[in-house]
Amino acid sequence: SAPPPAAVPAAQVSNDVQTPITKTPCGSSVAAPFALPPPGSPPFVWILQPCFNSQGGFSTIENETYMYYIQLRTSQTRQNQFVWYDSATEQMMLGDFKRLWATNFLDDLSIEVTDYTFPNGTVGKIVTYHMEERERIKIVDYRDSDEKSISIIKRSDIDDKLRERTIELRLDSFRDDGTIRRVEGVLRELMAEKGFTNAEVSHRITPVAGGPKLVNVTFVVGQGPKLKIRDVEFVGNEAFSDGKLQKRIKENKPKNPFYGWISGGGTYKESEFEEDAAKVVEYYQNHGYPQARVGQPDVKTLEDSKDGKSRYIQLRIPVTEGERYKFGNLSFEGNKVVRSEGLRSLYKIVEDEWYSRKKLQDGNK
């Protein structure tokens, strides 16, 4: 750490010897110190100044907060105590830099040291902490592509999803572009759940009146074309037809023109596909195919509607069936309390019939 201020013989600044007034790199006028060290003394820390010229000279954070992290101190010339500028002082300034940067208050930070030579030859050091603060969020808004309040997804649903993902975009918090990108991802996900898989989500940052570095973050959500399923084709299925497998799907299938409001379907919902795929796999596993798997669909564009609001697609869903198996002999191991005959009666399994996961699970209940 820097040595304590030293009391040394000083050259008192009297009324008949006026030291010229100068300006700091921050533009502030300063008067002469009350006293100077004698000629031949080492340089001393004369002025220390946080500076916010890059943002109009104003700070959104109290000056006392910054001074809490700055450990360098100036000479007390009225008390004839001087802080010499040496290697220990420079190390303290380096520590100040690290502490200030670690606050995450700042976008830019540099420390400038300038010399002022007094008439008696001594040098006063002016240490300027140039700081540019991060922008702070005052307003968060959600708009559609027509600049109207977003209506497809509710604000409460957005807030709930952000809490679920532990994403915080609080008012009066510092702008964080990583958090903003995560919010955009949540908005795309919510739009996809409504069938707008091609939703266009962006944001804009605009200054807010009332002080420097205050901004409004507006998320703009455009629907994009809504994906409508016209056809579903399974690839790799031999045991069961496309029509039979399609009946297992609840959401991602063409809408039935007669009772689609009951059966679901019509709009591509990517977030629901995993559940639909699980139903197809379950159907296979209950009909002798325990190794059946369903992959991610290939989405093929067929055509767009004339108004551009709908895009008709075909889903090509890959299927791996695997070998078909039958039940063999059913036996039990490790049962010491209940005899095997009693356990066997719980399972409605007939030897040499096709494997069914459901029959095994029913027996396990």
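Two strands count as paired if DSSP finds at least two bridges between them. In this predicted model, strand β13 (residues 226–235) and strand β16 (residues 310–320) meet that criterion, with nine bridges in the parallel sense. The protein chain has nine helices and 16 strands.

**Chain totals**

- The protein chain has 365 residues, of which 38% are buried.
- Among contacts in the protein chain with a separation of 6 or more, 64% are between residues 24 or more positions apart.

**Strand pairing around β16**

- The pairing of β13 with β16 is parallel, and Leu227 has Arg311 in β16 as its bridge partner.
- Strand β14 (residues 293–294) runs antiparallel to β16 and is joined to it by two bridges.
- Within β16, Val319 is the bridge partner of Val294.
- Strand β15 (residues 298–304) also pairs with β16, through six bridges in the antiparallel sense.
- Opposite Val299 stands Leu315 in β16.
- β15 and β16 make a hairpin, with five residues between the two strands. In the turn, Gly308 has a positive phi of about 75°.

**Aromatic pairs**

- With ring centres within 6.5 Å as the condition for a pair, the count is 17 aromatic pairs.
- The Phe44 and Phe118 rings have centres 6.0 Å apart and planes at 20°. Planes under 30 degrees apart count as stacked, so this pair is stacked.
- Phe44 and Phe118 are 74 residues apart, and their pair links distant parts of the chain. Phe44 belongs to strand β6 (residues 44–51), while Phe118 is in the loop between β8 (106–117) and β9 (123–133).
- Phe44 has a relative accessible area of 0% and is buried; Phe118, at 3%, counts as buried.
- For Phe82 and Trp84 the ring centres are 5.8 Å apart and the planes are at 10°, so this pair is stacked.
- Phe82 and Trp84 are both buried.
- One aromatic cluster takes in Phe44, Trp46, Phe82, Trp84, Tyr116 and Phe118.

**Charges over Trp354**

- Arg324 lies over the face of Trp354, and its distance from the ring centre is 3.7 Å.
- Lys326 has its charged end over the ring of Trp354, 4.8 Å from the centre.

- Thr24 is located in the loop between β3 (22–23) and β4 (29–30).
- The relative accessibility of Thr24 is 5%. Since buried means under 20%, Thr24 counts as buried.
- Setting aside neighbours within four places in sequence, Thr24 is in contact with Val30, Ile47, Gln49 and Ile126.

Note on methods: Residues numbered from 1 in each chain as written. Predicted model: local features only at pLDDT ≥ 70, side-chain atom pairs only at ≥ 80, totals over all residues. Heavy atoms only, no water. Phe/Tyr/Trp six-rings, centres within 6.5 Å; stacked < 30°, edge-to-face > 60°. Helix = DSSP H or I, 4+ residues; strand = E, 2+ residues; numbered from the N terminus. Buried < 20%, exposed > 50% of the residue type's maximum accessible area, 1.4 Å probe, protein only. Lys NZ or Arg CZ within 6 Å of the ring centre and 35° of its normal. Contact = heavy atoms within 4.5 Å.
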